[in-house]
Every structure is written in structure tokens, then in C-alpha cells.
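I set down here what I looked up in this structure, entry by entry.

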Amino acid sequence: MSNSCLKKVLCIIPASCLIAFPGYSAAEDGLSLGLGVAYSKSVYKDYDENVVPLPLVNYDNNVFFVHGLSAGAYLYQDEWNVVQASVSYYAQSFDPDDANNSQMKLLDKRDGTAMGSIAYTYRSPFGNITSSLAIDILDETDGGMLASAQYNYPIPFTQQLVVIPEAGITYTNSDLNQHYYGVSASESARSGLTAYNPGSAITPYFGVTLKYSVSDTLGAFISSRYQMQPDEVQDSPMVASSHSVLTTAGISYQF
């Protein structure tokens with residue numbers, strides 16, 4: 001799988017407390033490995049849709065964890081509360097070579113970055129509420145920062161099937177939005193696109209995950225997340241969609 005192909009799949013994953021693939025569970029101890037497939041529809045103008053195979057790795061020993069694109073440690077946890085710190089790969093990117101538009105091909109490349117974050121989760125019988133704050137520790141975005149809040153409620157339909165609806169909002173500051181959706185004066189001059197400097201934005205999203213236990217060690221999931229783009233993103237000349245969608249499905253083996 002090429003790096004550019006992977007980037008196009010990952011570029012629409014919403015930024016939450018753990019920058020991870022939907023369908024991963026932070027509550028499962030031990031090690032699980034598997035294989036999945038991801039379908040993505042980007043908000044960028046004339047960017048191809050993609051279906052790409054993905055390796056799935058999840059490790060948790062109640063002290064340290066690896067969940068998809070995030071690795072970190074638990075600072076505190078009890079029956080109701082969890083505080084954790086992590087470093088995650090923020091996978092949003094734009095590669096002009098992957099655009100199918102002559103003007104978009106003349107824009108600068110926008111790389112992903114690493115986010116350092118701290119998150120708090122309140123767990124209750126009525127669902128889980130998570131809030132987080134993350135900053136760009138590589139400074140790829142010149143001060144990019146995001147904050148998020150999410151609610152999910154696992155619903156056990158049978159002993160094997162659990163349905164997890166979720167809803168949340170993400171705040172991104174102007175530096176992060178400028179990196180991924182802004183068009184500088186020099187880019188405007190050579191591409192013909194209108195110069196654009198976005199401000200901060202609040203992005204709502206919702207999704208659902210279905211997890212099915214085939215056996216004590218083998219599990220399967222399918223997950224889809226829909227993200228509605230705020231005006232600060234939609235007004236960018238780089239953007240041609242009011243929403244983005246990421247759907248993943250896979251199987252994993254619990255060791």
C-alpha cells in the first residue's frame with residue numbers, strides 16, 4: 001500500500017481524544033491484531049474516493065496503550081473516571097499530485113503531524129463522555145490546536161452484538177485550518193484560486209459502530225462516521241463537499 005494512498009484514506013478521520021480508527025475499543029485489555037478495510041470520501045475538490053486495506057493493532061495493559069494511530073499512558077483511572085495522555089498521528093493531509101484538478105495541482109503540499117493530547121473520560125451506565133485537548137508537537141501547522149467532546153453509548157443487542165452510537169464536536173483553531181484549507185497569496189497567484197485565510201471552526205460529527213464477537217478470541221466490526229463541515233471549511237476554494245465520510249470494517253484476534 002503506497003503512502004499517498006494511505007494518506008488519502010486517513011485525511012478525513014475526525015480528531016478525537018484518540019486519533020484512531022473507528023471500531024477500536026480502548027476498554028479491551030491485552031493484544032489484538034487484525035486486518036480491516038477503509039472507505040473514504042474526501043472534502044477536497046476532485047480527490048478520489050478510496051478503498052484500502054489496513055492493518056489493525058490494539059494493545060492495552062491498563063498502564064500503557066496503543067490504539068490505532070495513538071499511543072500513550074493512563075494517568076488515572078477508576079470505575080467512573082479515566083485520564084490519559086497520548087501522542088497521536090494526525091492523519092489529515094493534502095498532496096497536489098493526488099488531485100484531479102489543474103488548479104489544485106499547483107497548491108502546496110500539506111503534511112500530517114503528531115499531536116500531543118490529554119483526555120478525560122467519564123464512564124457511567126448512561127454512556128461515556130470524553131473531552132480532550134491536543135496540540136501539534138511537530139509544529140507542522142504553526143501552532144495547530146484542537147479540542148473535542150464526544151458522547152457514546154454501547155448498546156448490547158445480544159451476547160455477541162454491541163451497537164455503539166456516538167456524537168461529538170471538534171474545535172480547530174485558525175492555525176490548523178489555515179494549514180489544511182487555507183490558500184496563500186503566492187498559491188493564489190500561481191493557481192488562480194482565490195486566496196483564503198480561515199478562522200477557527202467547530203465541526204459536529206456522528207457515527208455508529210457494530211461489534212460482533214464471533215468467539216472468545218475472534219471479533220468483527222463495521223463502523224461509519226459522518227462529519228459535517230463548518231462554513232470556515234466549506235468556504236475554502238480547496239473544498240467541494242459539505243461533509244466527509246469514513247467507513248471501516250475488519251476482523252481482529254484477541255491474544
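**Entry 1. Ser32**

In which strand is the place of Ser32? I find Ser32 in strand 1, which covers residues 30-41. The model I am reading is a predicted one. I next checked cover: Ser32 has a relative accessibility of 6%. Buried means under 20%, so Ser32 counts as buried. I then listed the contacts of Ser32, leaving aside neighbours within four places in sequence. Ser32 touches Leu56, Val57 and Asn58, and also Tyr253, Gln254 and Phe255.

**Entry 2. The whole protein**

I counted 4 helices and 13 strands. Of the 255 residues, 48% count as buried. I looked up the contacts between residues at least 6 apart in sequence, and 61% of them join residues at least 24 apart. The accessible surface comes to about 11700 Å², and carbon and sulfur atoms hold 60% of that surface.

**Entry 3. Salt bridges**

- Arg190 and Asp108 meet through their side chains at 2.3 Å, N to O. Arg190 belongs to helix 3 (residues 185-191) and Asp108 to the loop between strand 5 (81-90) and strand 6 (113-124), so this pair ties together parts 82 residues apart in sequence. Arg190 is partly exposed at 39%, and Asp108 is partly exposed at 35%.
- Glu166 is bridged to Arg225, with the closest N and O atoms 2.6 Å apart. Here too distant parts of the chain are linked: Glu166 is in strand 10 (residues 161-172) and Arg225 in strand 12 (residues 218-228), 59 residues apart. Glu166 is buried, with a relative accessible area of 14%, and Arg225 is buried as well, at 7%.
- Asp111 and Lys109 form a salt bridge at 3.9 Å, N to O. Asp111 counts as partly exposed at 29%, and Lys109 is partly exposed at 45%.

**Entry 4. Surface patches**

Which residues gather in a patch of negative charge on the surface? I recorded Asp139, Glu140, Asp142 and Asp175. Asp142 is in the loop between strand 7 (127-136) and strand 8 (145-152). Is Asp142 buried or exposed? With a relative accessible area of 58%, Asp142 is exposed.

I also looked up a nonpolar surface patch of about 950 Å², whose members include Leu31, Leu33, Val57, Tyr59, Tyr253 and Phe255. Strand 1, strand 2 and strand 13 (243-254) are the elements that give two or more residues to this patch. Tyr253 lies in strand 13 and counts as partly exposed, with a relative accessibility of 39%. Tyr253 is also one of the contacts of Ser32.

**Entry 5. Backbone angles**

I went through phi next, since most residues other than glycine have a negative value. Asp139 has a positive phi of about 60 degrees although it is not a glycine. Asp139 lies in the loop between strand 7 and strand 8 and counts as partly exposed at 45% relative accessibility.

Where is Asn62 found? I placed Asn62 in the loop between strand 2 (50-60) and strand 3 (64-67). The phi of Asn62 is near 70 degrees, again a positive value in a residue other than glycine. Asn62 counts as partly exposed, at 39% relative accessibility.

Notes. Residues are numbered from 1 along each chain as its sequence is written. This is a predicted model: local features need pLDDT of at least 70, side-chain atom pairs count only at pLDDT 80 or more; totals for chains, interfaces and linings use all residues. Side-chain values use heavy atoms; hydrogens and water are left out. Patches are made of residues with over 30% relative accessible area and no salt bridge: like charges are joined within 9 Å, nonpolar side chains (Val, Leu, Ile, Met, Phe, Trp, Tyr) within 5 Å. Accessible areas come from the Shrake-Rupley method with a 1.4 Å probe; for residues, only the protein chains shown count as cover. A salt bridge is a side-chain nitrogen of Lys or Arg within 4 Å of a carboxyl oxygen of Asp or Glu. Lys and Arg count as positive and Asp and Glu as negative; His and the chain ends are not counted. The place of a charge is taken as NZ of Lys, CZ of Arg, CG of Asp or CD of Glu. Buried means under 20% relative accessible area, exposed over 50%, partly exposed in between (1.4 Å probe, protein chains only). Contact means heavy atoms within 4.5 Å.
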